[in-house]
Amino acid sequence: MKQLSTLYALVIWALVTLVEMIAGPPRIIRHTGLRYGVKNGAVSTQGFLLEVSIDDGTTYLEVSQNTDIPDVSQEASDLDATNLQSTAKEYIAGLQDSQAVTLTGQRVVASVGQNALRDNAGAPGVFMFRNTYSDGSILSYSATIKKFGVTGGVDAVMMFTVSIRPSGAQVWSGVGAPTT
């Protein structure tokens, strides 16, 4: 019987060694603590944090229970740089701009961040936002809060939607921030 358990342990060790040779050693996902063996470096979106500041970035309030990560990416406009010596149309990059973005999540009446968005919807001024991604990177940007709404239906969770319009430059920082 002892020889059988030793053989079993040897087979398990060989299989684990083979898997680690193919997929690499198991790694720990920082925010979930779960093991995975994928070599491509994909990162889970779980652990994303959205915050808003209504006091120019001094303090941030968590906008709890979002269900989507807002795409606040900027795109440069195309400036026509074609001249009489051009043999085809030529363009250069203009100023970057973001489009209006909708934030969505489950409505929590006690959420200080959700209530700050509701109370400042349509208010003049620009508010600071901070997206903290599960890889440790942080995107800071300013935006106007255009509207706040609540939706729901039969046999459904109450949801909030907020429309914001990012404005100005965006700043990446943190552990997973892009390098230039």
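Two residues are in contact here when they have heavy atoms within 4.5 Å of each other. With that in hand, let's look at S111, which touches E62 and S64, leaving out residues up to four places away in sequence. The model is predicted, so local features need pLDDT of at least 70 and side-chain atom pairs count only at pLDDT 80 or more, while totals for chains, interfaces and linings use all residues. Residues are numbered from 1 along each chain as its sequence is written, and side-chain values use heavy atoms, with hydrogens and water left out.

**The sheet**

- Helices (H or I, at least four residues) and strands (E, at least two) are DSSP runs, numbered from the N terminus.
- An open sheet is formed by 6 strands in the order β4-β3-β8-β9-β10-β7, with antiparallel pairing; two strands pair if DSSP finds at least two bridges between them.
- The edges belong to β4 (61–62) and β7 (101–106), each with a single partner strand, so one side of each has no neighbour in the sheet.
- β3 (residues 49–53) pairs with β4 in the antiparallel sense over 2 bridges, and V52 has L61 as its bridge partner in β4.

- S111 sits in the loop between β7 and α2.
- S111 is buried, with a relative accessible area of 5%; buried means under 20%, exposed over 50% and partly exposed in between, using a 1.4 Å probe and protein chains only.
- In α2 (residues 112–120), the buried residues are G113, Q114, N115, A116, L117 and N120.
- These buried residues of α2 pack against β3, β4, β7, β8 (127–132), β9 (137–151) and β10 (159–174).
- Just after α2, G122 takes a positive phi of about 80 degrees.

**The nonpolar core**

- A nonpolar core is a set of buried Ala, Val, Leu, Ile, Met, Phe, Trp, Tyr and Cys residues joined through side-chain atoms within 4.5 Å.
- The largest one has 20 residues, of which L103, L117, F129, V162 and I164 touch the most other members.
- At least two residues of this core come from each of β3, β7, α2, β8, β9 and β10, and β9 gives the most, with 5 residues.
- Setting aside neighbours within four places in sequence, L117 is in contact with V52, V63, L103, F129, I145, F148 and V162.
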